[in-house]
Amino acid sequence: MLSRIPPFVVRSTFIVALVVIFVLAMIPLPMVPMVVAFQDKVEHCGAFAVLMLMGWAGWPSRASRVAGGLVLYGLLIEVAQDQLTTNRVGDPLDWLADSLGIAIGLGLIRLLAMRRRTDA
């Protein structure tokens, strides 16, 4: 399905998502109802899994580079929160959750690739 979307659109959407997530990471935390104690980590993991899939859709032959870039991006967010805001704190566990999301995204990409090979 993603192959029908022009690469420019997929790549642009990925870049916009990176900017939006960075802005959201820097503004004061909204009051969100807490469902589970580790909800923040689940949100980090999910966001970075989606970012990984979006990046792969934009640059299918560069999944490992996208993954490496996203790991650094997650670190950048945590450092920026710690150094540039008074209302946020950088959390190494958030970075770990980001990295886990990236790994999940890579795992899904591998599953999709295996599925394509068996369908062919």
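Phe14 is buried, with a relative accessible area of 7%; buried means under 20%, exposed over 50% and partly exposed in between, using a 1.4 Å probe and protein chains only. This is a predicted model, in which local features need pLDDT of at least 70, side-chain atom pairs count only at pLDDT 80 or more, and totals for chains, interfaces and linings use all residues. Residues are numbered from 1 along each chain as its sequence is written, and side-chain values use heavy atoms, leaving out hydrogens and water.

**Aromatic pairs**

- The whole structure holds two aromatic pairs. Rings of Phe, Tyr and Trp (its six-membered ring) pair if their centres lie within 6.5 Å; planes under 30 degrees apart count as stacked, over 60 as edge-to-face and the rest as tilted.
- Phe14 and Trp59 are edge-to-face, because their ring centres are 5.7 Å apart and their planes stand at 75 degrees.
- Phe14 sits in helix H1 and Trp59 in the loop between H2 and H3, so this pair ties together parts 45 residues apart in sequence.
- Phe48 and Tyr73 form a tilted pair, with 5.9 Å from centre to centre and 40 degrees between the planes.
- That pair links helix H2, which holds Phe48, to helix H3, which holds Tyr73, across 25 residues.
- Both Phe48 and Tyr73 are buried.

**Helix H1 against H3**

- Helices (H or I, at least four residues) are DSSP runs numbered from the N terminus.
- H1 (residues 7-26) and H3 (residues 63-84) have axes that come within 10 Å and cross at roughly 25 degrees. Axes are lines fitted to C-alpha atoms over the stretch in contact, and angles run from 0 to 180 degrees between N-to-C directions.
- H1 and H3 are therefore roughly parallel, a term for angles under 35 degrees.
- On the H1 side, the contact residues include Phe14, Leu18 and Ile21; on the H3 side, they include Val66, Leu70 and Tyr73. Contact means heavy atoms within 4.5 Å.
- The residues of this contact divide into 13 nonpolar, one polar and no charged. Ala, Val, Leu, Ile, Met, Phe, Trp, Tyr, Cys and Pro count as nonpolar, Asp, Glu, Lys and Arg as charged, and the others, Gly among them, as polar.

**Helix H2 against H3**

- H2 and H3 pack at about 145 degrees, with axes 9 Å apart.
- The H2 side includes His44, Phe48 and Leu51, and the H3 side includes Ala63, Tyr73 and Glu78.
- By class, this contact has ten nonpolar, three polar and one charged residues.

**Gln39**

- Gln39 belongs to helix H2 (residues 39-58).
- Gln39 is buried, at a relative accessible area of 12%.

Key
Helices (H or I, at least four residues) and strands (E, at least two) are DSSP runs, numbered from the N terminus. Angles under 35 degrees count as roughly parallel, over 145 as roughly antiparallel, 65 to 115 as roughly perpendicular and the rest as oblique.
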